[in-house]
Amino acid sequence: MRRWQGDGIHFGGDYNPEQWPEETWSEDVELMRRAGVNLVSVGIFSWALLEPSPGRFEFGWLDRVLDLLHDGGIQVDLATATASPPPWLARAHPETLPRRADGAVLWPGGRQAYCPSSPVFRERSLELVRAVAGRYAEHPAVVMWHVSNELGCHNVHCYCDVSAEAFRGWLRERYGDLDRLNDAWGTAFWSQRYGDWAEINPPRTAPTFANPTQQLDFLRFSSDEQRAQLRAERALLKTLVQQPITTNFMIGMNVKHMDYHSWAPDVDLVSNDHYLTAADPLAHLGLALAADHTRGVAGGDPWLLMEHSTSAVNWQPRNVAKLPGQLRRNSLAHVARGADGVLFFQWRASRAGAEKFHSALVPHAGPDTKVFREVCQLGADLRALAEVRGSRVDADVAILFDWEAWWAVELDSHPSVDVTYTDRLNALYGALWRAGVTADIVHPSADLSRYRLVLAPTLYLVRDADVEALHRYVEAGGTVAVTYFSGVVDENDHIRLGGYPGAFRDLLGVRTEEFFPLRAGEQVRLDDGSTADVWTEWVHPDGAEVLSSYTDGPLPGVPALTRHRVGDGAAWYVATRLDEPATDRLVARLLDEAGVRPAVPAPTGVEVVRRRDGERTWLFVLNHTGAQVRLPVAGVELLTGERCAGELAVPAGEVAVVREDRA
Ligand code: GAL
Ligand code: ZN
């Protein structure tokens with residue numbers, strides 16, 4: 001792995017000087033220095049300027065920008081600039097434009113208007129990478145390379161003829177022969193049997209439900225095609241440059257279609273973009289989940305927050321601005337959860353273009369603003385936190401997450417549209433957050449041995465090997481909880497016969513004979529006083545003890561919550577959609593059984609996370625409440641430099657980071 005960490009925490013953002021006259025650039029560098037910015041991403045959307053006509057490159061302006069930054073002591077994460085092709089590409093090669101499932105062409109004029117399978121795009125983009133990397137490989141400002149930008153953000157699924165041909169190639173690789181494909185896709189159904197590869201297409205708009213496995217494979221293929229661009233650019237870069245190579249993922253925010261778990265080996269460091277749903281008063285939970293998931297994708301290593309916002313964005317229906325103090329809480333929450341760098345989109349707010357109402361480090365109103373003052377404050381905070389760089393986050397709980405399970409469970413023609421993938425993930429994560437317990441979000445194939453508790457929300461599609469590993473984990477003393485509509489199908493989206501929850505039947509000691517999804521708004525009660533909705537099923541205990549049963553609804557007397565002792569551990573099954581108080585009670589019982597405690601007990605709404613490096617530990621405390629809190633902590637508070645001898649007071653809305661005294 002190429003080394004990417006500097007002496008402290010990275011701080012900065014996307015810098016798009018090409019949107020401004022050169023006179024502005026020196027002021028930019030002066031303000032960056034004032035704010036403590038030390039890393040900027042340059043050139044992300046510069047293709048049309050760097051190569052104004054095919055094969056003719058103009059690097060003069062970028063030379064001057066990089067030199068200026070270097071003279072100012074600002075390091076550069078240099079983009080390969082392939083994120084959005086210039087208009088000349090589509091004019092010369094209209095077949096590079098992507099198409100929707102109904103055949104509509106997505107035209108240039110926005111961004112990312114290219115077919116991810118286009119050989120023409122691939123070739124032209126790699127020529128650009130060669131030119132840019134060839135010129136700047138040795139530039140002293142460049143410390144990192146930024147492949148493309150948010151690959152797949154707008155063009156992940158292309159249904160054009162070029163993509164159809166690429167899809168066939170991908171299927172040949174996967175299945176080898178048509179018999180195996182017909183088998184995997186279950187084409188005996190609805191007269192879908194394929195006799196020739198040329199008959200196969202992407203799941204274009206059809207009269208009714210398209211074949212589910214065809215859809216699932218197309219989702220896999222589409223993620224792989226985006227990943228292929230990353231791999232191609234990286235392979236070329238590796239022949240030309242020494243610096244670490246990354247691309248910005250979009251983990252969290254409901255971004256569904258890139259399987260970042262599979263992409264992680266293709267970057268030297270994981271970096272992520274995260275934007276709040278600012279209108280949501282509990283948006284900081286979504287932030288925490290995204291950060292914990294990014295860390296999971298990074299295998300627990302420190303990662304880089306490549307983009308977030310200083311205040312409002314421009315692309316939500318109501319772009320709520322951040323209140324004073326929120327920028328600091330948001331940024332430091334990412335650091336608490338393993339980020340070793342905090343970057344933003346973007347340095348200076350644009351005066352033209354679709355993102356002119358997006359916040360930046362330097363707002364339209366200039367540096368004499370709340371935003372720029374908070375940016376300078378954050379720069380100082382991050383300097384004070386330099387020593388946490390490289391440390392890891394303590395977590396005793398794992399939540400299993402698999403993009404393929406997400407894709408499969410949300411295909412059409414299922415028992416209930418109310419069963420969505422992230423619903424139980426968010427519910428369980430929220431309960432842990434309220435209990436002050438940090439979780440790693442990891443792939444089902446991850447090594448689980450270091451965790452005391454493993455949660456498996458809605459793992460509808462699961463591989464045999466991962467089920468076996470979970471079984472061994474429980475036998476060895478682990479505690480696991482699985483929620484409804486898990487284990488139902490194999491990798492081909494074929495039902496596992498013999499009763500639900502299929503793959504988890506033995507582990508959970510239950511057998512379900514029929515699903516009884518509920519009507520919209522319908523609620524059921526359990527004999528422990530809980531309420532639930534969306535889902536019930538006819539569970540028969542088969543070794544498991546019954547913890548609670550329904551008292552009404554379609555299945556009075558049938559188990560809703562069970563627990564199965566397996567070896568030295570236990571496997572719990574949650575067969576219905578518990579409401580929030582019941583989920584909190586369930587998680588409290590699981591934490592208790594597994595012996596998991598919060599880093600430091602704190603009132604609800606106070607986020608506490610511990611980072612650790614050998615013997616040293618740092619406690620991050622983020623007070624999201626409206627009142628001061630006092631916590632039993634001893635050590636040095638790094639943001640103020642003050643000692644706390646046994647009690648730490650954190651005012652409403654504030655953040656504290658304590659290097660703890662050794663116990
Ligand atoms: C990201 C993107 C940036 C900018 C930002 C706005 O999706 O990478 O270029 O568009 O969002 O929030
Ligand atoms: Zn295409």
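**Note on the predicted model: ligand site, salt bridges and a surface patch**

1. E545 counts as partly exposed, since its relative accessibility is 36%. The structure is a predicted model. E545 forms a salt bridge with R563, and the closest N and O atoms of the two are 3.0 Å apart. R563 has a relative accessibility of 13% and counts as buried, because the cut-off for buried is under 20%.

2. In total, the structure holds 46 salt bridges. One of them joins R328 and D381, with 2.6 Å between the closest N and O atoms. This pair links distant parts of the chain: R328 sits in helix α11 (residues 326-336) and D381 in helix α12 (residues 370-384), 53 residues apart. Both R328 and D381 are buried.

3. R463 and D466 also meet through their side chains in a salt bridge, at 3.9 Å from N to O. R463 is buried, and D466 is buried too. The two residues are part of a network of salt bridges that also links R174, D217, R220, D402, E404 and E491.

4. Ligand 1 is surrounded by F45, R111, N149, E150, D273, Y275, E307, W315, F345, E355 and H358. Sorted by class, this shell has five charged, four nonpolar and two polar residues.

5. Several side chains of the shell place polar atoms by the oxygen atoms of ligand 1. For E355, an N or O atom of the side chain is 2.3 Å from an oxygen atom of the ligand. For E307, a polar side-chain atom lies 2.7 Å from a ligand oxygen. For R111, the distance between a side-chain N or O atom and an oxygen atom of ligand 1 is 3.0 Å. Ligand 1 taken alone exposes 310 Å², and the protein buries 95% of that area.

6. T617 is found in strand β24 (residues 616-623). Is T617 buried or exposed? Its relative accessible area is 10%, so T617 is buried. The side chain of T617 makes a polar contact of 2.7 Å with the side chain of E660.

7. W190 is placed in the loop between α7 (178-185) and α8 (212-240). With 48% relative accessibility, W190 counts as partly exposed.

Conventions:
Residues are numbered from 1 along each chain as its sequence is written. Chains are lettered from A and ligands numbered from 1 in the order in which they are written. This is a predicted model: local features need pLDDT of at least 70, side-chain atom pairs count only at pLDDT 80 or more; totals for chains, interfaces and linings use all residues. Side-chain values use heavy atoms; hydrogens and water are left out. A residue is near a molecule or strand if one of its heavy atoms lies within 4 Å of it. A polar contact is a pair of N or O atoms within 3.5 Å; within protein, one must be able to donate a hydrogen and the other to accept it, and residues adjacent in sequence count only if both atoms are side-chain atoms. Accessible areas come from the Shrake-Rupley method with a 1.4 Å probe; for residues, only the protein chains shown count as cover. Ala, Val, Leu, Ile, Met, Phe, Trp, Tyr, Cys and Pro count as nonpolar, Asp, Glu, Lys and Arg as charged, and the others, Gly among them, as polar. Helices (H or I, at least four residues) and strands (E, at least two) are DSSP runs, numbered from the N terminus. Buried means under 20% relative accessible area, exposed over 50%, partly exposed in between (1.4 Å probe, protein chains only). A salt bridge is a side-chain nitrogen of Lys or Arg within 4 Å of a carboxyl oxygen of Asp or Glu.
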